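Keep the sequence and the 3D view open as you go.

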Amino acid sequence: MTEYNQYVIAINKIFECTNKMRENWKNIDNINYIESIEEYKQIVIDNAKLFSNTKVIEEKAMEELGDD
């Protein structure tokens, strides 16, 4: 499993947990805490895309080195 896949699985697990907490916790303070965590969701998704693109570039560079 690649580092990117491990990253995506971990992030998905975090947001699955926050969704379960949102469904089961009715206290408004807890809901507010969950919402503050979820504010970072788009940032995490964007960084996952960057991480994926970086790995592709690194792999391509390694292939070019081996073509000599």
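Predicted model: local features only at pLDDT ≥ 70, side-chain atom pairs only at ≥ 80, totals over all residues.

Residues are numbered from 1 along each chain as its sequence is written, and side-chain values use heavy atoms, with hydrogens and water left out.

**Exercise 1.** List the secondary structure of the chain.

Step 1: Look for runs, where helices (H or I, at least four residues) and strands (E, at least two) are DSSP runs, numbered from the N terminus.
Step 2: The chain has three helices and zero strands.
Step 3: Read from the N terminus, the order is α-α-α.

**Exercise 2.** Work out how H1 and H2 are arranged.

Step 1: Helix H1 covers residues 3-24 and helix H2 residues 28-38; they pack at about 155°, with axes 10 Å apart. Axes here are lines fitted to C-alpha atoms, for helices over the stretch in contact, and angles run from 0 to 180 degrees between N-to-C directions.
Step 2: H1 and H2 are therefore roughly antiparallel (an angle over 145 degrees).
Step 3: Phe15, Thr18, Asn19, Met21 and Arg22 of H1 meet Ile31, Ile34, Glu35, Ile37 and Glu38 of H2 (heavy atoms within 4.5 Å).

**Exercise 3.** Find which elements have the lowest and highest mean pLDDT.

Step 1: pLDDT is the predictor's confidence in each residue, from 0 to 100.
Step 2: Helix H3 (residues 41-66) has the lowest mean among the elements, 70, and H2 the highest, 92.
Step 3: For the chain, the mean is 81, and 78% of residues reach 70 or more.

Definitions and conventions: Parallel < 35°, antiparallel > 145°, perpendicular 65-115°, else oblique.
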